[in-house]
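Reader: I have a chain to look at and a few questions about it. Please keep the answers plain.

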Amino acid sequence: MAQSISVYTPLAYVFVVVTALIIFSSVHRRRKIASLYSTEPIFNTNFARDNYFALKDLPKSPPEKILKAALLRWASEDVRKLLKLKTSKEILSTLHQRGSVGDNTWTKFLTQEKQVEVELNTIAQEANELKPEWANTLFQTAQEIALNQGLRKRLVETQKLKEDYQEQFDKVQKRTLEELTK
């Protein structure tokens, strides 16, 4: 004759399975969050953000123009970062799909992208606190500043390359003339 199973046995089984899944889920989430915190950022420390909050936290409130300038500087830095991330995303995505770039690098990239987006939202909130509906104008101006700084940087680099090439050309020209006159 078959033994009868208590009604509590399936309930105990379900309880054990659910408890194991909850423990696994919480441990997995903690490890994932810890790994995200342990990843080093792609960009260096954001001094513009630190300066803005340092100015804002002063006991004597600085003039509004100074706060706006600091916020504009912070916004231009983050717009520059976002532009750099957007241009790199397609290439990095292709490399990740091919296996040339590891999951850690891809996760680091996505985390940095989310962080910049969160900072941009914070900037918009801060801008609207300073002056209502100022966020749109702020971001347009910040984008112009970021693009202008990039253009200036390229012009300086181009000038340095021109000088280096001119120096090399002069050396080659001098050697050639010396060899021809011998």
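Reader: Is E126 buried or exposed?
Author: Buried means under 20% relative accessible area, exposed over 50% and partly exposed in between, with a 1.4 Å probe and protein chains only. The relative accessibility of E126 is 9%, so E126 counts as buried.

Reader: Where does E126 lie, and which residues is E126 in contact with beyond its neighbours within four places in sequence?
Author: E126 lies in helix α4, residues 103-130; helices are DSSP runs (H or I, at least four residues), as strands are (E, at least two), numbered from the N terminus. Contact means heavy atoms within 4.5 Å. Leaving aside neighbours within four places in sequence, the contacts of E126 are Y52, F53, K56 and L71.

Reader: How far can I trust this, and what is the mean pLDDT of the chain?
Author: This is a predicted model, in which local features need pLDDT of at least 70, side-chain atom pairs count only at pLDDT 80 or more, and totals for chains, interfaces and linings use all residues. Residues are numbered from 1 along each chain as its sequence is written, and side-chain values use heavy atoms, with hydrogens and water left out. The pLDDT is the predictor's confidence in each residue, from 0 to 100. In the protein chain 96% of residues reach 70 or more, and the mean is 88.

Reader: Where does α3 bend?
Author: The bend at a residue is the angle between axes fitted to the seven residues ending there and the seven starting there. For α3 that angle is about 40°, at K89.
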